[in-house]
Amino acid sequence: MSVARFPLRPSAFAPPPDLGRFQRNAWIVGLVGAVLTVVGALLQPTQFFRSYLTAIVFWAGVPLGCLGLAMMHHLTRGTWGIPVRRIFEAAARTLPLVGVLFVPVFFGLRTLYRWMDPAAVASDELLKHKAHWLNAGGYVGRAIVYFVVWSVIAWVLAGLSRRQDESADPNRQASAMRRLSAAGLLVYGFTASLAAVDWLMSLEPHWYSSIFGLIVIGLQALGALSFTIPVALFLARREPMTGVFRPHHFHDYGKLLLTFVMLWGYFAVAQLIITWSGNLPDEIAFYLPRWHHGWPYLALVLALANFALPFALLLSRNLKRDGSRLAPLAVLLLVMTWLNTFWLVAPSFSSRITIHWLDVACLLGVGGIWVALFLGQLARRPLLPVNDPFLVQTMGQEKEVAHGG
């Protein structure tokens with residue numbers, strides 16, 4: 001009888017013991033940020049809602065992007081996704097709680113959206129026409145539906161993945177996850193696009209863009225992968241995952257990161273070129289406030305740090321294969337994803353570029369709480385899907401099968 005080269009028991013891949021310490025630190029950061037956020041909400045409620053919208057849209061994008069990446073992994077059967085699958089699943093399982101964190105936005109609709117002003121709607125034919133969609137009841141109802149749909153997909157996928165660990169026929173769960181992912185990606189693309197319209201595009205109710213949903217989905221994927229890579233490096237330096245992550249895994253993540261950087265750049269430039277060439281009043285409403293008073297400098301920072309620099313660095317094979325070098329670049333792109341979200345939200349309210357202290361407080365408050373919830377979910381499952389049919393292939397090893405007794 002031959003023996004497998006690595007253990008195939010779920011208990012062999014229990015989370016590292018110091019995960020709890022990082023979770024406690026995340027709770028501390030989150031609670032301090034939450035206290036500052038509450039103080040800001042009492043002192044400056046208008047600014048609070050603006051800052052909170054930016055923070056919650058950014059942090060909701062990370063688990064949503066992880067859900068999308070998990071489904072892409074199942075659908076394509078890519079071995080790249082097996083070592084990080086539990087990271088994707090843990091992030092996606094936080095979506096019900098992210099939905100709870102989104103609730104404060106409902107109380108600030110009149111502050112955030114011009115279509116909530118009855119006088120503005122009464123004097124504007126276009127807003128009257130859009131009132132069947134842009135109204136408080138529709139906004140709240142659709143947001144609840146979005147989070148319910150996303151949460152159901154995430155938890156069903158995670159449940160199938162968990163059953164696969166102990167299943168005598170793991171291919172059955174793999175097929176079920178693949179079928180669910182095929183439909184789930186379509187549902188995710190549709191609902192995430194609608195959410196982008198509701199939460200962000202409607203800040204400029206006269207403006208429209210058919211590619212805006214793709215830009216936001218691209219940001220979610222970029223933010224999710226940028227978050228996943230440092231977590232993967234963190235786990236790769238600790239037992240029991242030290243022998244799991246290999247240079248070719250980080251190489252794959254680097255190539256995916258380059259792909260999403262290029263996609264974001266393509267979508268953003270395509271929208272700008274189409275708007276520039278059309279030069280119509282309804283189409284340029286988004287860009288006009290972002291063309292003056294310092295906002296072009298932020299656009300330049302995004303063009304350089306969210307595209308040009310990572311594009312140039314990610315052409316290096318050696319950098320992509322080295323997790324310790326790839327992770328700092330991923331962190332930079334995660335910061336740029338927040339800055340990009342800020343660029344989508346803030347110019348709708350301010351003619352001059354300023355980062356308010358509440359922007360930072362909300363970012364830390366929501367972020368600390370979300371990271372703590374994520375680490376809690378990560379600690380609840382084995383870090384590796386040990387019964388996945390493609391596990392040995394992704395490890396770069398041949399599985400030795402026991403014969404006879």
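# Reading this predicted model

Q: Among contacts with a separation of 6 or more, what share comes from residues 24 or more positions apart?
A: A contact means heavy atoms within 4.5 Å. In this chain, residues 24 or more positions apart account for 83% of the contacts with a separation of 6 or more. Before we go on, note that this is a predicted model, where local features need pLDDT of at least 70, side-chain atom pairs count only at pLDDT 80 or more, and totals for chains, interfaces and linings use all residues. Residues are numbered from 1 along each chain as its sequence is written, and side-chain values use heavy atoms, with hydrogens and water left out.

Q: How many helices and strands are there in the chain?
A: Helices (H or I, at least four residues) and strands (E, at least two) are DSSP runs, numbered from the N terminus. This chain has 17 helices and zero strands.

Q: How does the radius of gyration of the chain relate to the globule rule?
A: The radius is taken over C-alpha atoms, and the rule is 2.2 Å times the number of residues to the power 0.38. The chain has a radius of gyration of 22 Å, close to the 22 Å that the rule gives for 405 residues, so it is as compact as a globular protein of that length. Along the principal axes, the C-alpha atoms fill a box of roughly 85 × 40 × 40 Å.

Q: What percentage of the 405 residues is buried?
A: Buried means under 20% relative accessible area, exposed means over 50%, and partly exposed lies in between (1.4 Å probe, protein chains only). Buried residues make up 54% of the 405.

Q: How many positive and negative side chains does the chain have?
A: Lys and Arg count as positive, Asp and Glu as negative; His and the chain ends are not counted. Each charge is placed at NZ of Lys, CZ of Arg, CG of Asp or CD of Glu. The chain has 32 positive and 19 negative side chains. The centres of the two sets lie 5 Å apart.

Q: How far does helix α2 reach from its first C-alpha to its last?
A: The expected span of a helix is 1.5 Å times one less than its number of residues. Helix α2 (residues 45–76) has 32 residues and reaches 46 Å, close to the 46 Å expected. Of its 32 residues, 26 are buried, so α2 is largely enclosed by the rest of the structure.

Q: Which residue takes a positive phi just after α2?
A: Most residues other than glycine have a negative phi, and most peptide bonds are trans. Just after α2, R77 takes a positive phi of about 60 degrees. R77 sits in the loop between α2 and α3 (85–92). R77 is partly exposed, at 42% relative accessible area.

Q: Where is H293, and what is its phi?
A: H293 is in the loop between α12 (281–284) and α13 (295–313). Its phi is positive, about 55 degrees, although H293 is not a glycine. H293 is partly exposed, with a relative accessible area of 43%.

Q: What kind of peptide bond joins E239 and P240?
A: A cis bond joins them, with omega about 10 degrees. P240 lies in the loop between α10 (212–236) and α11 (247–278).

Q: Which residues does L364 touch, not counting those up to four places away in sequence?
A: L364 touches V29, G30 and G33. L364 belongs to helix α16 (residues 357–378). It is partly exposed, at 41% relative accessible area.

Q: Is T354 buried or exposed?
A: T354 is exposed, with a relative accessible area of 52%. Its place is in the loop between α15 (323–345) and α16. Not counting residues up to four places away in sequence, T354 touches F342 and D359.
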